[in-house]
Each structure stands twice: as C-alpha cells, then as structure tokens.
Amino acid sequence: MFKVNELLKAAGGRLIGGAENLSVKRVCIDSRRVKKNDAFIAIKGNNFDGHDFIAEAIKKGAACIIGERTVSGLKTRKAAFIQVKDTQKALGDMARSRRRKFNIPVIAVTGSNGKTTAKEMIAWVLSGRYNILRNEGTKNNQIGLPLTLLGLKAAHDIAVLEIGTNHFGEVRALSRIAAPNIGIITNIGPAHLQYFGSLRGVYREKTALLKNLENPGVAVLNADDELLQREVRKKTKRPFILGFGMQKKCDFFAGEIKNRDGEIKFLCNKHKFSLKTLGYQNIYNALIAITVGRLFGMENREIALRLSSFDFPQHRLNLKRLNRVYFIDDTYNSNPFSLKQALDALANFRNKGRKIFVMGDMLELGEKAEYFHYQAGRQAGRICDAFIGVGKFSRLAGCAAAASGLDSANIFNCFSSRQARDILFKQISPGENDVILVKGSRAMRMEDVI
C-alpha cells in the first residue's frame, strides 16, 4: 500500500491533480491489468506509449497516474496526477525508495549464462525457511526489476533479484536501485558482444555489481571462470569474496560428479547433493544456491532436500517425451557458451535412436557471429545424425557440420522455426527413441518447433 505523497516524493514529480493523501494498492505499467486504486505509470516503449492508455487506466479505477504529460481532454479530478520528466527514471526512483524502507538482505544475480536458473534455485532453497521476494521469470531489466521491488512488503525476509544487461551501464543502474548486500556473478561469456565488444567488455559490465554492494558486501563468484578468477584470488575484506567451482579448489567445490538418466549427483565439501537435470553446468547454479543457503544459516542436509526437488524453469534444458521421442527443450535463448553446454547434454544423452539438432541463430554477437556459428556447427557435426538450421548464421553452422563429417543429406536449412518443425516431423522416427535438441535466440521463436 502506498500514499500518493509517498510516490510523489520518491518520483521527484509535481502534483497537478488530485489529493496527496489518496491510497494506492500497487504500481502498474499495463493498462489492461489495472485494478481499482492502482497507480498507473505511463512508460514509453519502442512500440507503444503508455500515455495513450491513461484514459483506459482511469476508467478501470486507477487512483493515481504518473506521466510525463497530461492527455488532452482528460479530467484528472478522477485520479491524482503526478507529472515527471522521465517515467522510466521515476519508476526506478520509486523502487529504490521502496527498497530503502525495508532493512532486509537483497541478493542480486548477474552473469552471461544461468542467472535465471540460479535466481530461481536460490529462491527455492531459501524459501524452505524464509519468505522470499524474487523477479518473476526474467523481469530483470529497468522495468521488471523496479516493478519487482515495488512489490516488497513487510512480510518478506529476503529479496532475490536477477539483473540483466545488454548495454554498458545497466548493471550499475540496476544495482543502485536494488542496493544489494550479496552479489553473485555466474560467469563471463560471449553474450551481447554486438554491444560489449569483447569478453573484457562483458567482464567490465558484470563486475559493476561488485562496486555497488551495500554492507556487509558479500560476493559469490565462479572460481572456474578465467576472468573472475582474479577477483576470487583477491580475498578482499569488502566485498568479502566466496568462490564456487568444479575445476579449481575453492570455498564451495563440487567433486565426484555422476551424470546419469537425467539426474546429476555430486559432493560439495563432503556433503551429497543431487539435481534433476541434463545440464552439467547446472552444478554451478546449485553451488551458488548452496553457498547462499549456508550464508543464511541453513544446514547442508536441508539445502540438499530443497535442491533435489527443484523444478527447472521452462525452456531451459527441459526433457520432454512425446510418443517415444525425446525433446531437449532449451529454446529460451542462446549464446555460444550455453549452446556448447546444450550440445554436451545431447552428446551425453543415452538413446537408441538418432540425435537431431534444430538450431536457431544466436543473435547480438556482432562481428564474431560467423566464427561462433561455425564453431557450433563443428561441434554439432561430431554429435548429431541430422541438423536443421533456422536463419542465415545457422546455415553457416550447417556447412561446418558437413565439414565435420555429417552427411549433407541430413542437413537442412530453413527461414523460420515453423518450416524447421515441418522438416523435423518428416525426420523423426517415433518408435526409435530419437532425441531432438531445440535451441536458438529468443527472437528466433524456436519454441514453435516443439
């Protein structure tokens, strides 16, 4: 519950209609979801302008409107109207103010791969003891994260927030809104290179989180990552750094790893843990959750029980069986690192039938796009019995697969995911236990294949 004067002060705006003492239940950016006594903030997007929907929001009972301009002919007496210079900035300022009202730990997770799964896994483990606020899905940007924080209530014990970025400065800006006490970086990989230029650029952007930690300031970092290793070795007093990994000895180290029949078992500091997953890299996410669980006083056995019952987010290496055909659904997104991990999962999958890879383009890789697609195709050619590519870069991957020994008769190139679906339908043999990996960047709509 908010008061209009509270929002007015936090947003740094001016009241040009309505009363300051009006109560507001929640802040909303979608006029279709506005309910009675909500505050509607008119965000301007690439394809829409929230100011066009102010009248609709008031009709649905909005008690407060936050906008950059009034709408011609609008009777603002039906709702308080706060005018601001920039509604997106106002949203962040209100969220920062809300976060400051509650003296609870905030955990922020960023990284090139695995941050959504890590965030969900942390929240799942901690929710065994605590009331957790977390981003829904992947609402990790300058709209989604502030909206999440505006949902903070006195009943919450801990907030677990995912921070996403594809441009310089976004991690810093979101960290300043969230004011995290614990910062987690899953890894540094070749994602969004079109904007970051190189791995060094990715590293610079992600590690901005560490510079914006509130007391006590704890960093949880991947000790196996080449660029993050230097941070782990520093062992500074602030931030206090904990490392996790599988290759180099560190604070939370996984060993004796067994991967069989969709379940991974491992030891961490002599304690047994298990996950229902095909993805070997999810051990890293589990190590993060174990680290955080221990920081909050949970016992290893308690954490292990939570992890063993964790259900992975949709479209992230989910195994599905349809009419004796297995699908590995990794369609949420794609970049070189996550694609390699998905192909490793396909290679390790034991089945009697063929292995088929349906690949959509990896986007936002800049001038290195051709190189990374060629490398992916080479790996696929050594693993797969058939390759179906969607997009111009995946066509190049198909050529690389052929160069690696895959019969060109089993390589297909498509312009859309639906075309790939039709080709796949003719290729699979339901009685032969075929397994199909489907993966591509979000914009490629690879979920349409499944």
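On a 1 Å grid over the protein atoms alone, a cavity is a set of points where a 1.4 Å probe fits but cannot get out. This is a predicted model: local features need pLDDT of at least 70, side-chain atom pairs count only at pLDDT 80 or more, and totals for chains, interfaces and linings use all residues. Residues are numbered from 1 along each chain as its sequence is written, and side-chain values use heavy atoms, with hydrogens and water left out.

The largest cavity holds about 40 Å³ of space. Its volume is the space filled by probe spheres set on the grid points, which are joined across faces, edges and corners. F2, E6, L7, A10, M94, S97, R98 and K101 line the largest cavity; lining residues have an atom within 4 Å of a point. Two elements give two or more residues to this lining: α1 (4-11) and α3 (87-100). Helices here are DSSP runs (H or I, at least four residues), numbered from the N terminus. By class, the lining has four nonpolar, one polar and three charged residues. Ala, Val, Leu, Ile, Met, Phe, Trp, Tyr, Cys and Pro count as nonpolar, Asp, Glu, Lys and Arg as charged, and the others, Gly among them, as polar.

Now to α1 and α3 as a pair. Their axes come within 8 Å and cross at roughly 115°. Axes are lines fitted to C-alpha atoms over the stretch in contact, and angles run from 0 to 180 degrees between N-to-C directions. α1 is therefore roughly perpendicular to α3 (65 to 115 degrees; under 35 is roughly parallel, over 145 roughly antiparallel and the rest oblique). The crossing of α1 and α3 is right-handed, that is, the near helix is turned clockwise from the far one by less than a right angle. E6, L7, A10 and A11 of α1 make the contact with A90, D93, M94, S97 and R98 of α3. Contact means heavy atoms within 4.5 Å.

Next come α4 (residues 115-126) and α11 (residues 300-308), which pack at about 125° with axes 9 Å apart. The two are therefore oblique to each other. M121, W124 and V125 of α4 touch I303, R306 and L307 of α11. That contact has five nonpolar, no polar and one charged residue.

The last pair is α12 (residues 336-348) and α13 (residues 369-383), whose axes come within 10 Å and cross at roughly 5°. They are therefore roughly parallel. Among the residues that meet are L339 and L343 in α12, and F372 and A376 in α13.

Definitions and conventions:
On a 1 Å grid over the protein atoms alone, a cavity is a set of points where a 1.4 Å probe fits but cannot get out, and a pocket is an open set with protein on both sides within 12 Å along at least five of seven lines; lining residues have an atom within 4 Å of a point.
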